[in-house]
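Thanks for coming. Please have a look at the sequence and the fold, and then I will go through a few places in it.

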Amino acid sequence: MRPLALQLWTVLHNDVRLLWRELLASRWSLLGNLGLIAILLALAHALAIALCVHAPHPPSLHVEAGAWLFFGFIMLGTAMTQATTLLFERADFHLLFAAPTSPHAVLLARMTALVAGSALSVGLLLLPVIDGLIAGFGLHYAGSYLVWVELAGLAAAAGVGFTLTLVRWLGARRARTTVQVLGALCGATVYLGIQAPGFLGEAHRPTAERLIDQIVANPLSLALARGGRGDWHTLLLLGASTLALLAATTWLLSRAFLEGAQETTSRPTRTHRREYRHHWRQSLAWVTFWKDLRLILRDPLLLSQILPSILYLLPALLGLYTTLGAATLAPLSVMVAGQLSSQFALVATAGEEAWDLIRMSPAPERRLRLAKMAAGMALPLALAATLCLALALAGRPGLALASLGIAGLCAAGGAWLQISHVRPSPRHDVVKERLKNSPGRLFGGMALMATGATAAGFYGHGNWFAGGVSLALCIAGFAGILALVKLRALVTPD
């Protein structure tokens, strides 16, 4: 048998050839992307070097620790996503293990690819920063290159271990979506954490800065910062820890794929199942409601597409916190109810795969659409009720009750806009791309939600006149939607 290193090179060479073949399929796109990356790198290098050369002193240790923590989050998210793709979706292990190549070389090649992918995911941002620090403050910052590789190895090891656990619990398909959702949450948390001192105002800024400083000043990020400054003892310790974690992760991979544990790609079946007696005495609308609600609750793929629309609202609401305090929960509950109800109602209607059977059945189509509308509103209204309950416990029960009523109004209006005009689309399109929403319905739902949230915000601030005017506009908009937007016949997909 050939040496392990030569076999490792053979597997990696094969993976690179496959990647290059895919890139050559879109040659012009590849050339355009490479040219854009080269221009961005040149501009970033020029800016970073100019800033560091003219800076009076290097950044503090805590600032560098926070920067390494930020890049580590990005690497971790990339490692988890790539681990799901390489280990469970490519499905070529049965071919590679049957080849005259050591299985350990295959697993080492996969780990090497994950480490390289994690490192390259931040290369466009990190490489100019390191070169600028070297140009401005000395060659001892060249240790940042080793920290970059070591942090990529730590992120790859943690990402693979976390992904293997999720796949064993949820299955590969749901694990990938869970990783995407967690990555979005981590990115939003880092962004909001950086911006929090500015959003919270002068009164709360010292507390926020002290909390962020405590989070950043953890032993790992401080060790990364010291290693980036050229502390060789820290670099050797980080290197030994990285190699140990990569060895442990490779051992976990060997247990998962070489000892007959391929069943981790799906949820394990239960041997003892509880028997339920089915009673066919429920109404059709009630059955449709529970069916669509279960589809929404059990499919995390929907959350990966709907979650970003909620995260975009948080920076604006953090700005309101300086004025409203705990009363910020009032407009937040209205926005959550209106935004999510519209999205879930669109999924429940346009994502239905059996509209042709529904139209041929004697069931009244209007009743089924209303049941789908209720299913789309159930979860958002439950979240809004939870926020209003927290607001009531904070000492504003009247505002909480008014906000819940406004949230219900906005949720019903947004959901009605979605069920009134349906373009059927297979449910798997929900996974691959967003369901199409017409500009008119999108604008109508956003306007209704904006007036409702404005009314709740004015009530929270104590401005009853402006809140009453905004609420009147919201009620008028809801009445106009019900009066002008009628249920239309199904539209066949284009």
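**Helices and cores**

Start with Gly445, which is found in helix H19, residues 439-461. Helices here are DSSP runs of H or I with at least four residues, numbered from the N terminus. This is a predicted model, in which local features need pLDDT of at least 70 and side-chain atom pairs count only at pLDDT 80 or more, while totals for chains, interfaces and linings use all residues. Residues are numbered from 1 along each chain as its sequence is written, and side-chain values use heavy atoms, with hydrogens and water left out.

Is Gly445 buried or exposed? Buried means under 20% relative accessible area, exposed over 50%, and partly exposed in between, with a 1.4 Å probe and protein chains only. Gly445 has 18%, so it is buried. Its C-alpha atom is 7.3 Å from that of Leu417, 28 residues apart along the chain.

Next, the cores. A nonpolar core is a set of buried Ala, Val, Leu, Ile, Met, Phe, Trp, Tyr and Cys residues joined through side-chain atoms within 4.5 Å. The largest has 40 residues, and those touching the most other members include Trp68, Leu126 and Trp148. H7 gives the largest share of this core, nine residues. Beyond neighbours within four places in sequence, Leu126 is in contact (heavy atoms within 4.5 Å) with Trp68, Phe71 and Trp148. A second, separate core has 33 residues, among them Met335 and Phe478.

Last, helix H14, residues 329-350: 20 of its 22 residues are buried.

Conventions: Helices (H or I, at least four residues) and strands (E, at least two) are DSSP runs, numbered from the N terminus.
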